[in-house]
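Please look over the sequence and the model before reading on.

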Amino acid sequence: MITDTAYIAHRLRLLGEWDAALAILGQDAQDAPETHAELRAETTVERWMFQWSGHDEAEQAVAALDQTSPAARLLHARLAYCRLLFNRDPRPDDRAAAEAGYRDAVRDGDDSTRAWAEFHWGCLLDNIDENAGAAVPHFETALEFSVKHDDAALEAIAIRHLSAHREPAERIRMLRRSLNLRAALAARPYIAAAQATLASELPEDDPERAELIEIYLAAAEEMRIPWLLGGRTGTSEDFKD
């Protein structure tokens with residue numbers, strides 16, 4: 001059964017309140033330091049991905065996990081990928097380390113971990129290697145799992161990334177579904193990213209585009225998400241989530 005502490009931290013994380021979520025988990029850690037180690041690591045990695053803040057803390061939180069576990073391998077891979085994606089002090093071995101971590105998680109993880117690792121592996125191939133032919137099957141595998149197991153969060157992000165490889169009309173339909181799924185989950189940082197992506201695909205004179213830009217910029221300012229604020233006049237390639 002999920003504890004109150006874990007539930008509250010999870011809800012704060014969905015709202016983009018990463019510091020508050022970590023503070024809650026930190027209080028709990030005084031009595032049960034291992035209980036929420038994975039949630040703490042996931043939260044620090046996500047905070048760094050969105051805010052570019054607390055990279056060392058994220059590495060330390062991931063290092064505190066069992067390094068043979070699929071979760072630790074996946075999180076190490078995500079950190080390496082994000083350093084490359086955002087050009088935030090990338091390391092010479094980040095490309096190889098990311099792919100190795102995803103491969104290990106696919107091989108050794110449970111069904112959900114494997115599906116998420118497939119998705120992230122696709123992002124590496126798509127956004128770093130620019131190899132859509134190799135990336136799309138990974139996205140499709142993740143999407144198949146998400147639909148079969150009613151994982152709305154995975155479906156939302158998988159169809160967003162698949163949409164970039166579809167014709168314009170289908171792309172817009174998929175982006176709208178991605179946004180609606182994220183809204184249903186109340187996942188505020190991901191909602192803002194979806195609004196930004198949809199806005200970038202709409203005609204410049206479309207009133208909906210202007211409204212989406214206004215809304216997501218306000219949210220990004222409040223949550224301190226630099227890569228969303230930097231995409232004020234960008235294209236969908238600026239918004240990777």
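What percentage of the 241 residues in the protein do buried residues make up? In this predicted model, the buried share is 53% of the 241 residues.

## Overall fold

The protein has 13 helices and zero strands. Its C-alpha trace spans about 55 × 35 × 35 Å along the principal axes. The radius of gyration is 17 Å, which agrees with the value near 18 Å that a compact globule of 241 residues would have.

## Nonpolar cores

The largest nonpolar core holds 71 residues, and Y81, Y102 and L228 touch the most other members. Helix α5 (residues 70-86) gives the most to this core, contributing 10 residues. A second, separate core consists of six residues, among them A6, A9, L25 and L39.

With neighbours within four places in sequence left aside, Y102 is in contact with L74, A77, R78, Y81, A117, H120, W121 and L124.

## Surface and charge

The accessible surface comes to about 11,500 Å², and carbon and sulfur atoms account for 50% of it. The protein carries 26 positive and 44 negative charges, whose mean positions are 1 Å apart.

## Backbone exceptions

Most residues other than glycine have a negative phi. D89, which is not a glycine, has a positive phi of about 50°. D89 sits in the loop between α5 and α6 (94-108) and counts as exposed, at 67% relative accessibility.

R224 likewise has a positive phi, near 60°. The place of R224 is the loop between α12 (207-223) and α13 (226-229).

Note on methods:
Residues are numbered from 1 along each chain as its sequence is written. This is a predicted model: local features need pLDDT of at least 70, side-chain atom pairs count only at pLDDT 80 or more; totals for chains, interfaces and linings use all residues. Side-chain values use heavy atoms; hydrogens and water are left out. A nonpolar core is a set of buried Ala, Val, Leu, Ile, Met, Phe, Trp, Tyr and Cys residues joined through side-chain atoms within 4.5 Å. Buried means under 20% relative accessible area, exposed over 50%, partly exposed in between (1.4 Å probe, protein chains only). Helices (H or I, at least four residues) and strands (E, at least two) are DSSP runs, numbered from the N terminus. Contact means heavy atoms within 4.5 Å. The radius of gyration is taken over C-alpha atoms; the globule rule is 2.2 Å times the number of residues to the power 0.38. Accessible areas come from the Shrake-Rupley method with a 1.4 Å probe; for residues, only the protein chains shown count as cover. Lys and Arg count as positive and Asp and Glu as negative; His and the chain ends are not counted. The place of a charge is taken as NZ of Lys, CZ of Arg, CG of Asp or CD of Glu.
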